[in-house]
Amino acid sequence: MTVALTSIKISTDFDSGNIQVLDASDAYHLLLAIKPDTRSHHFQWFHFKAEGMHVGHTHTFRLSNAGQSSYKHAWSGYNAVASYDHVTWFRVPTRFDGETLHISLETREKHAWFAYFEPYSRARHAGLIDQALNHAGTQLLATGKSVEGRDIQLLRRGKGGAGRRKVWIIAQQHPGEHMAEWFMEGIIERLQQDGDAELRKLLAVADLYLVPNMNPDGAFHGHLRTNAMGQDLNRAWQNASQEISPEVLFVQKQMEKYGVDLFLDIHGDEE
């Protein structure tokens, strides 16, 4: 039996939230759209909360413009993620028909979050920096500022002595690639393993320079590829500026100051 619902609430007023409601008149088949990055045509990342769902029934969320997204081929074989508590995430049935992405959930709760990939929040980022400084042997070498004034931390494991190799690892230049900062969390967790022989061998000759999140504005606003000025930071390294891409300019100045022997730029996508 189909149970009629009068309304269902979709919200995005939280860290990395992104969706637009086109038609919510049918609570079991909602029509949505992904909003493009600010000052940019790029879009792919989505993250929203649905409230007022009927427990035990299937709700389907149709992302109507998925076929026009930046990387529409990535939807083939893809499954969205969902969570009832915004902490533990799981895959849900997802179908792409060439134009629309259909995300379905037979819900156990009245509310749930849905996202392109498991989000890495600014609150978790703050905890990661604290973990790195207090448990992973790193120091806060410098702090840059994004377009909107959010912190960009440069961490170093090692004392920067003469003759040591300088290994740089940065992540999430493309803010919708949240898996990149999950990767950085793995690095920082490994730096806490005192019994790791490979790690000891590396740290005997090299210092690690870590930037866990290069694009905090874009990540907060639910962008796919750009910062708050609509700049793809991965395309700004030859012409970085304080006005348009201060995030890249900050890291470039630090690289000039300390030197670079190896540079790893961490990305990720569903495809």
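Predicted model: local features only at pLDDT ≥ 70, side-chain atom pairs only at ≥ 80, totals over all residues.

User: Great. How many salt bridges does a search of the whole structure find?
Analyst: The search turns up 11 salt bridges.

User: Let's pick one. Which residue does Asp217 form a salt bridge with?
Analyst: Its partner is Arg150, and the closest N and O atoms of the two are 2.8 Å apart. Asp217 sits in helix α4 (residues 216–221), while Arg150 is in the loop between β11 (139–145) and β12 (151–157), so the pair ties together parts that are 67 residues apart in sequence.

User: And is Asp217 buried or exposed?
Analyst: Asp217 counts as buried, because its relative accessibility is 0%.

User: OK, next one. What does Arg164 pair with?
Analyst: Arg164 forms a salt bridge with Asp207, with 2.8 Å between the closest N and O atoms. This pair also links distant parts of the chain: Arg164 is in the loop between β12 and β13 (165–171), and Asp207 is in strand β14 (residues 206–211), 43 residues apart.

User: Why does Asp207 count as buried?
Analyst: Because its relative accessibility is 1%, and buried means under 20%.

User: Changing topic a bit: where are Asp232 and Arg225, buried or exposed?
Analyst: Both Asp232 and Arg225 are buried. They form a salt bridge too, the closest N and O atoms being 2.8 Å apart.

Technical notes
Residues numbered from 1 in each chain as written. Heavy atoms only, no water. Salt bridge = Lys/Arg side-chain N within 4 Å of Asp/Glu carboxyl O. Helix = DSSP H or I, 4+ residues; strand = E, 2+ residues; numbered from the N terminus. Buried < 20%, exposed > 50% of the residue type's maximum accessible area, 1.4 Å probe, protein only.
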